[in-house]
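This briefing is for a reader new to the structure. Please look over the sequence and the model before reading the points below.

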Amino acid sequence: MPATPIDTTFDHGAALQWPDADRATELEQWLDTVSDELAEFGWTTQSIASLVPTHLVGQLRQEVKTLHRCEAMDSAGIGRGKDHVQDRSVRRDQIAWLNGQTEAQRALFDLFEQIQAGLNQRLFLGLRRFEAHYATYEPGDFYRRHLDSFHGRSSRIISLVLYLNEDWVLTDGGLLQVFNRENPNEVCGSVLPEAGRVAIFVSEDMPHEVLAAQRTRYSIACWFRRDPIQGLAI
Ligand SMILES: O=C(O)CCC(=O)C(=O)O
Ligand SMILES: [Fe+2]
């Protein structure tokens, strides 16, 4: 009996990769939708499931869980430069900055670079770089209503928050509430912090708040900036 010929029509290695052409089309459509909604409403929420391999969000979740468990995260502060203070009545999360060094962070930074270029093309924002940190909210932790950037000093232009939590339900709390930019007492949207979901908004326009979480909540907050200088913390 002849040996079974090796099937050369099916590349098993390539099948595990993202199909490049489909993914590029998905990304262009995704960027069109995000740009339209940012221009019209100042914010949007989307899934990144069609843009990244399924295991990426799980890898990022494992990284932040490890950082949290090893007590390698710092209490988050508010204000910039020498005005930077820790005020537990305003925010209670713990953070750790991403450095793009692990495989998962490299893949995420690739996506962030594509988002940066795509938003620049469509909205002429002049974004030049981004910074991102993991955040952990333990049960009871919150972040009161705030803006991510102040008018006139705006170096943070677009905020993007990626959520990492599996099976998050309403009773777990921790919703992101986005307020009307004309009337900051009116909630215009709520986002469930479930794995693969992002919230994207104009940093200096959209007041927002993280409601108290009832279970540990993991996320990555990223800011796309216009200024070229590294290390100017806000
Ligand atoms: O985690 C979120 O939903 C938003 C976090 C936030 O507002 C911030 O870190 O500035
Ligand atoms: Fe914020």
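Two residues are in contact if their C-beta atoms, placed from the backbone, lie within 7 Å. Of the contacts in the protein chain with a separation of 6 or more, 78% are between residues 24 or more positions apart. This is a predicted model, in which local features need pLDDT of at least 70 and side-chain atom pairs count only at pLDDT 80 or more, while totals for chains, interfaces and linings use all residues. Residues are numbered from 1 along each chain as its sequence is written, and chains are lettered from A and ligands numbered from 1 in the order in which they are written.

**Confidence**
- The predictor's confidence in each residue is pLDDT, from 0 to 100; the protein chain has a mean of 89, and 86% of its residues reach 70 or more.
- Residues 1–16 have a pLDDT below 50, and this stretch has zero contacts in the model beyond near neighbours in sequence.
- Where pLDDT is low, the predicted coordinates should not be read in detail.
- The scores of the model are ipTM 0.99 and pTM 0.89.

**Overall make-up**
- The protein chain has four helices and eleven strands; helices (H or I, at least four residues) and strands (E, at least two) are DSSP runs, numbered from the N terminus.
- A residue is buried if 20 or more other C-beta atoms lie within 10 Å of its own, exposed if 12 or fewer, and partly exposed in between, with C-beta atoms placed from the backbone.
- Of the 234 residues in the protein chain, 32% are buried.

- Helix α4 covers residues 103–123, and its 21 residues reach 30 Å from first C-alpha to last, close to the 30 Å expected at 1.5 Å a residue; the expected span is 1.5 Å times one less than the number of residues.
- Gln105, Leu108, Phe112, Ile115, Gln116 and Leu119 are the buried residues named in α4.
- These residues lie on the same side of α4 because they cover an arc of only 105° around the axis, the arc being that of the directions from the helix axis to the C-beta atoms.
- Glu103, Arg106, Asp110, Glu113, Ala117 and Gln121 are exposed on the other side of α4.
- The cover over the buried residues of α4 includes α2 (20–41), α3 (55–69), β4 (129–137), β6 (156–163) and β11 (217–225).
- The 22 residues of α2 should span 32 Å at 1.5 Å a residue, and the end C-alpha atoms are 31 Å apart, which agrees.
- Glycine 42 follows α2 and has a positive phi, near 85°.

- Most residues other than glycine have a negative phi.
- Phenylalanine 124, in the loop between α4 and β4, has a positive phi near 55° and is exposed, with 8 other C-beta atoms within 10 Å.
- Aspartate 167, in the loop between β6 and β7 (176–179), also has a positive phi near 55° and counts as exposed, with 8 C-beta neighbours inside 10 Å.

**Ligand 1 and valine 210**
- Around ligand 1 are Ala135, Tyr143, Asp148, Val161, Leu176, His208, Val210, Ser219 and Ala221, a residue being near a molecule if its C-beta atom, placed from the backbone, lies within 6 Å of it.
- β10 (208–210) and β11 each give two or more residues to this shell.
- The shell has six nonpolar, two polar and one charged residue; Ala, Val, Leu, Ile, Met, Phe, Trp, Tyr, Cys and Pro count as nonpolar, Asp, Glu, Lys and Arg as charged, and the others, Gly among them, as polar.
- Valine 210, in strand β10, is buried, with 26 other C-beta atoms within 10 Å.
- Leaving aside neighbours within four places in sequence, valine 210 is in contact with Tyr137, Phe142, Tyr143, Gly174 and Leu176.
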